[in-house]
Structure formats: C-alpha cells, structure tokens
Amino acid sequence: MVAPSVRDATASSKKTNSALLELLQPITPELARVEEELAEQVTGFDKRVQHYVDYVLRGSGKRLRPTLALLAGGASGRIYDGHITLGVIVELIHIATLVHDDILDEAQLRHGLETANSRWGNEVSVLLGDCLFAHALKLAASYPTTEVCRRASEATNTVCAGEILQTERRFDVNLVQHQYIDIINMKTGALFAVSCELGASLNGSPPTVVESLREFGTNLGIAYQIYDDCVDILGQERKAGKSLGTDVKKGKLTLPYLLLLQDARPEERRALGDMIFRDEAQDREQLSALVARNDVVNKSLITIDSYIARAEQSLTVLGANQYRQTLAGLLQYLSQQSRQLLQTA
C-alpha cells in the first residue's frame with residue numbers, strides 16, 4: 001500500500017467534506033440548529049464540569065446520526081422542533097460512546113483533537129461519558145410521549161451490549177463474519193436505526209414507513225461501520241483525523257482480517273492471528289501482500305455494497321421528495337468513499 005503525500009491527503013479530505021456538505025444542502029439550516037442546540041447543552045451541566053463537556057461537544061464529527069434523524073423526518077413528512085431535539089439526543093449518545101470507546105482503545109486522537117482520556121485520564125473520561133448518556137436521556141424524557149425515551153434507552157443498551165460482546169471476543173481468531181456483523185449491528189446499526197425510526201415516528205408515520213426507515217438505518221449503519229473498520233486498517237491517520245490501527249492493537253478483528261482468517265487452514269490461523277496482533281512493520285508488509293493476494297479488498301467492497309443495496313431497497317416505500325433523494329445520495333456517497341479507499345489500498 002502506497003501512502004499519498006500529506007498534501008494529497010489534505011486535498012482529498014477537503015474535497016470529500018465539500019461533497020458531503022453539498023449533498024446535505026436540503027437540511028443545512030436544520031443541521032445548523034442542531035449544532036447550536038448541541039453547544040447550548042453545556043449549560044445543563046454543573047459549572048465546574050462544563051469545560052469537559054464543551055471540549056468533547058466541539059469535535060467536528062460528521063453528525064451522521066442527527067443527519068439521519070432530520071432526513072427521515074423530511075422524507076416522511078416534515079422536519080420540526082422535535083427532530084432538532086432528536087438530533088441532539090442521538091449525537092449526545094454517540095459522543096458518549098466515543099468517549100468510552102477511546103478509553104477502551106487507548107486512542108489519542110478523535111476528530112483531529114486529543115481524546116478526553118488522553119487529555120484528562122480514564123477516570124474523568126468514564127464519568128464524562130456517563131454524564132452525556134444521562135443528559136441525552138433527560139432530553140428524551142421531555143417529549144409528551146415516552147416512545148422517544150424508551151427507544152433511545154433501548155438503543156443505548158444495545159450499543160453498550162455490542163461493546164461488551166466485542167470486548168469478549170478480543171484476540172479470538174475463531175470469530176466468524178456473521179458474528180462480527182452482529183456486533184457492529186449492535187454497536188453502530190442500532191443508533192443509525194433509531195435515528196431514522198424516530199425521525200419518522202415523530203411525524204406519526206404508518207408502521208410500514210417507520211419500519212422501512214429503521215431497516216434503512218440498520219443497513220446503512222452496518223455498511224458504514226465496515227467501511228470505517230477498513231479505514232482503521234487501510235487509511236491514513238492525517239486524513240481520518242483519528243488514531244488508526246487501534247482495533248488491531250486492542251485485539252478487535254474486523255472484516256478485512258476476518259476474510260484472511262476464514263480462508264486459512266486451521267493450523268495457519270493462529271500464526272496468522274499472531275502476525276495480525278503483533279502489528280509490527282514487517283508484519284504489516286506481509287499482511288498487505290496477503291490482503292492483495294487473497295482478494296480481501298474486493299470481498300470487503302462486495303459486502304459493503306450488499307448492505308447498501310438493502311438500505312436502498314428500504315427507501316421504495318417512501319414518496320419522492322428531496323429528503324428521500326438525499327438519503328439515496330448518502331448511500332452513493334458511502335459507496336464512492338469505499339471504492340476510493342479500497343481500490344487504492
């Protein structure tokens with residue numbers, strides 16, 4: 001794998017961000033409101049801890065979950081204040097999971113900034129993540145119906161359970177693809193799904209629409225997480241804006257390496273696993289050669305595309321409007337990003 005220059009990586013990153021911003025133009029004003037309300041949440045915490053909250057909320061993430069909540073609202077009828085609050089809730093839950101993930105992964109960078117654990121240590125970071133979870137559920141309880149709080153709580157439970165299962169299977173060379181998919185569905189698909197589901201539910205949409213958008217979120221979430229896992233192995237840290245290689249260092253097997261392992265003979269699997277987990281320069285060179293020889297890149301892309309196709313099928317129950325078109329555009333965008341990463345690996 002040949003790494004591009006810093007200049008090339010920076011230019012590519014700017015082009016990528018520009019393309020995403022253009023795609024999301026139909027909800028630009030609403031996303032700005034989510035950003036404003038997210039920043040305002042700092043005042044809901046004890047003044048002595050507000051600087052911690054402010055720091056982690058200022059990270060320039062993609063805001064994918066609020067984006068999905070808003071687009072699902074627009075695609076199923078309208079976007080109103082309840083969708084803005086929903087966007088804040090799902091982003092707070094997501095940020096809380098990232099704070100905890102970075103502790104587990106011992107990550108140093110997130111969105112180009114020091115992680116909370118790198119800056120203040122694990123003890124403060126654990127409690128900071130807990131504060132964010134609690135605040136999100138407090139906001140969810142403000143709706144006149146209990147559905148938002150119930151479903152947001154269930155999704156949070158699922159995300160945390162997925163993290164536990166992934167931790168249990170660290171360094172396990174017998175993990176197979178369907179088990180990996182189940183874990184990432186819990187860790188990522190659940191929050192994508194509830195963002196879409198509640199976006200439609202807040203409009204009083206028919207059950208078929210709510211369920212279809214939930215399925216859209218599930219399959220998009222799985223496809224996105226596979227892509228993100230491939231970035232951890234094949235990407236460049238400066239472009240990604242976060243610590244890479246943390247999955248392997250912490251014993252988390254993701255799709256590219258699972259594909260290598262599943263094709264290995266039983267007696268070869270342990271040796272291959274040792275090579276993956278050592279993560280030394282010489283091992284990485286050998287693994288890159290194995291990835292190229294075993295068609296792992298193409299198989300990973302086919303898997304991503306299969307979940308993108310399922311997500312696209314879920315949109316067929318929706319009426320034609322700019323928000324449905326943007327949801328479809330997100331699928332195309334992810335497909336393009338996946339090809340750009342994997343075909344140049």
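Me: Which residues have the most contacts inside the largest nonpolar core?
Reply: A nonpolar core is a set of Ala, Val, Leu, Ile, Met, Phe, Trp, Tyr and Cys residues that are buried and joined through side-chain atoms within 4.5 Å, where buried means under 20% relative accessible area, exposed over 50% and partly exposed in between, with a 1.4 Å probe and protein chains only. This is a predicted model, in which local features need pLDDT of at least 70 and side-chain atom pairs count only at pLDDT 80 or more, while totals for chains, interfaces and linings use all residues. Residues are numbered from 1 along each chain as its sequence is written, and side-chain values use heavy atoms, with hydrogens and water left out. The largest core has 102 residues, and those with the most contacts inside it are Ile 89, Leu 132, Phe 216, Ile 226, Tyr 257 and Ile 276.

Me: Which helix supplies the largest share of this core?
Reply: Helices (H or I, at least four residues) and strands (E, at least two) are DSSP runs, numbered from the N terminus. With 14 residues in the core, the largest share comes from the helix spanning residues 207-234, α10.

Me: With which residues is Leu 132 in contact, leaving aside its neighbours within four places in sequence?
Reply: Leu 132 is one of the residues with the most contacts inside the largest core, and contact here means heavy atoms within 4.5 Å. Once the neighbours within four places in sequence are set aside, the partners of Leu 132 are Phe 45, Val 53, Val 56, Leu 57, Leu 92, Ile 95, Ala 96 and Val 99.

Me: Against which elements do the buried residues of α3 pack?
Reply: Helix α3, residues 50-57, is mostly covered, with six of its eight residues buried. These are Gln 50, Tyr 52, Val 53, Tyr 55, Val 56 and Leu 57. The elements that the buried residues of α3 pack against are α2 (28-40), α5, β2 (113-114), α6 (116-120) and α7.

Me: Is α7 roughly parallel or roughly antiparallel to α8?
Reply: Axes are lines fitted to C-alpha atoms, for helices over the stretch in contact, and angles run from 0 to 180 degrees between N-to-C directions; those under 35 degrees count as roughly parallel, over 145 as roughly antiparallel, 65 to 115 as roughly perpendicular and the rest as oblique. The axes of α7 (residues 122-140) and α8 (residues 147-168) come within 8 Å and cross at roughly 155 degrees. The contact brings Phe 133, Leu 137 and Ala 140 of α7 to α8 residues, among them Val 148 and Cys 160. The two helices are therefore roughly antiparallel.

Me: Why is α14 described as oblique to α15, and at what angle do their axes cross?
Reply: In this contact, Leu 272, Met 275, Ile 276 and Arg 278 of α14 meet Asp 283, Gln 286, Leu 287 and Leu 290 of α15. The axes of α14 (residues 266-278) and α15 (residues 281-293) come within 8 Å. Helix α14 is oblique to α15 because the axes cross at roughly 125 degrees.

Me: How far apart are the C-alpha atoms of Gly 44 and Asn 219?
Reply: Gly 44 sits in the loop between α2 and α3, and this residue is partly exposed, with a relative accessible area of 42%. Gly 44 and Asn 219 lie 175 residues apart along the chain, and their C-alpha atoms are separated by 34 Å.
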